[in-house]
Amino acid sequence: MTPHWDVIVLGAGASGLMCSAQAAYSGNKVLVLDHAPKVAAKIRISGGGKCNFTNVDVSPDHFICQNPHFVKSALSRYPSTAFVELVERHGLAYEIRGGGKYFCAERASDLIQILRTECDWAGVHFQLKTQLESVQYRGGKYFLNTSQGTFCALKLVVATGALSFPKLKSTGIGYELAKQFGLNVIATSPGLVPLTFSDQWQARFSELSGLSMTVCAQVAGRSFTEAMLFTHKGLSGPAILQVSNYWQQGEAIILNTLPAYSETRLYQAFIELKQSGESLSKWLNQFWPKRFTQIWLEVYPMETVLSNVSNERLQHYAKQLTHWMLFPANTAGYDKAEVTLGGVDTDDISSKTFESKQQPNLYFIGEVLDVTGQLGGFNFQWAWASGVACGLAL
Ligand SMILES: Cc1cc2nc3c(=O)[nH]c(=O)nc-3n(C[C@H](O)[C@H](O)[C@H](O)COP(=O)(O)OP(=O)(O)OC[C@H]3O[C@@H](n4cnc5c(N)ncnc54)[C@H](O)[C@@H]3O)c2cc1C
């Protein structure tokens, strides 16, 4: 006989666990179904194994969504303080790092244990290692045909995440289900992802692979002052991951390689350097790794002693250093992306309940939606907030 549930949550990731616990606490009989052998694989490896689980300062401006108002309701109903209170109740040791980022003090798996405990207390049932074959809607019920038989529920929550990091069992099943039930899906692309150089730039900069320096990276009017890392294929590090969310193929990223200086201040500094007679490379080495100074001066030859350099030329140097224009060839793709831009169109979803506007009792939460956070714990905060809002509505 087909087992009947009030709610089936498809996806035992961050948003799915949060939603399931909430829905079960409200008295629903809830089943979480996932094809992975373990729950919340992304939490386990996130934040270098310590999971950057939220941020002190979360606002709608930290998210990209075609409808910028969509995130407001859920984020205000379940702010980051609410999640911090939850983990404190469970005695999680955490630390707040630069930029207001909350991390587990020990292991990200401690956080998974908290979510698992909440689900156990609420009476959530788990059906892992189960392949979904098809979903049918008949007589006001959802029938999920799977490798372990058919499961039936009055309400179906799609919490299957997105395409990034396929080695952690990510799939586009959520988009397929959305399309099956008539919802629009906005074109997807990798986000929070390293950028690759063209062959010509790769040849010049690959020897800097592993080197990190602080820059201000700018794209499409957004700028981020954080670390940038040279890789053997291009650029990574927080500053680059942040701008990757806003970068379109063919566009330049603009780097201020001396973020403590504006172009005007740098020009003034060069005038002073010209008067002092000190060497430019020695001055740059105060701020840059020596290897970068060396390569920079090979690629963009500059006089080492500025005494005989015209002020016009100094102005040009200041511009070059504060507006280094790079044209990345591409992103490193979904394999290396932390998130996926685009997804289920939020115009088709209620921002209060996360139910489809077209299809009764069908809900979408978390990253499967066209909502992408910046780096800093915002993507997990979206998973918690959308999961709780939906769970309460269920
Ligand atoms: C390497 C990495 C590091 C990250 N670090 C951070 C960080 O520090 N801070 C932060 O805020 N965000 C981080 N993120 C982003 C964050 O992990 C996601 O935004 C978040 O997990 C999304 O939650 P979700 O519930 O929507 O999806 P997920 O957590 O991805 O869960 C989706 C679930 O659906 C299941 N599923 C998928 N397809 C199927 C199917 N066909 N059948 C059954 N089940 C299926 C999966 O197995 C998975 O359990 C990181 C992401 C990656 C890849």
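Predicted model: local features only at pLDDT ≥ 70, side-chain atom pairs only at ≥ 80, totals over all residues.
Which side chain meets that of Arg 222 in a salt bridge?

**Stop 1: H1 and H5**

Select residues 14-25, which make up helix H1, and residues 108-122, which make up helix H5. The axes of H1 and H5 lie 8 Å apart, and the packing angle is about 25°. H1 and H5 are therefore roughly parallel to each other, and their crossing is left-handed. Now show the side chains on both helices. H1 brings Leu 17, Met 18, Ser 20, Ala 21, Ala 24 and Tyr 25 to the contact. From H5 come Leu 115, Glu 118, Cys 119, Trp 121 and Ala 122. Sorted by class, the residues of this contact are nine nonpolar, one polar and one charged.

**Stop 2: H4 and H5**

On the H4 side, pick Phe 83, Leu 86 and Val 87. They meet Leu 111, Ile 114, Leu 115 and Glu 118 of H5. The contact of H4 with H5 holds six nonpolar residues, one charged residue and no polar ones.

**Stop 3: the sheet of three strands**

Next, display strands S3, S6 and S5, which form an open sheet in that order with antiparallel pairing. S3 and S5 (94-97) stand at the edges with a single partner strand each, so one side of each has no neighbour in the sheet. From one strand to the next, the twist averages 30°. Zoom in on S5 and S6 (residues 101-104), which run antiparallel and are joined by four bridges. In this pair, Glu 95 stands opposite Phe 103 of S6.

**Stop 4: the salt bridge**

Over the whole structure, a search finds four salt bridges. One of them answers the opening question: the side chain of Arg 222 meets that of Asp 61, at 3.5 Å from N to O. Arg 222 belongs to strand S14 (residues 222-230), while Asp 61 is in the loop between S3 (52-55) and strand S4 (63-64), so the pair ties together parts that are 161 residues apart in sequence.

**Stop 5**

**Stop 5: H9 and H12**

Finish by selecting residues 263-276 for helix H9 and residues 311-322 for H12. The two axes come within 9 Å and cross at roughly 130°, which makes H9 oblique to H12. The crossing of H9 past H12 is right-handed. Show the side chains again. In H9, the contact uses Glu 263, Leu 266, Tyr 267, Phe 270, Ile 271 and Lys 274. In H12, the residues are Asn 311, Leu 314, Gln 315, Tyr 317, Ala 318, Lys 319, Leu 321 and Thr 322. By class, the contact of H9 with H12 has eight nonpolar, three polar and three charged residues.

Conventions: Residues numbered from 1 in each chain as written. Heavy atoms only, no water. Axes fitted to C-alpha atoms, helices over the stretch in contact; angles between N-to-C directions. Helix = DSSP H or I, 4+ residues; strand = E, 2+ residues; numbered from the N terminus. Parallel < 35°, antiparallel > 145°, perpendicular 65-115°, else oblique. Left-handed = near helix turned anticlockwise from the far one by under 90°. Contact = heavy atoms within 4.5 Å. Nonpolar A, V, L, I, M, F, W, Y, C, P; charged D, E, K, R; others polar. Pairing = 2+ DSSP bridges.
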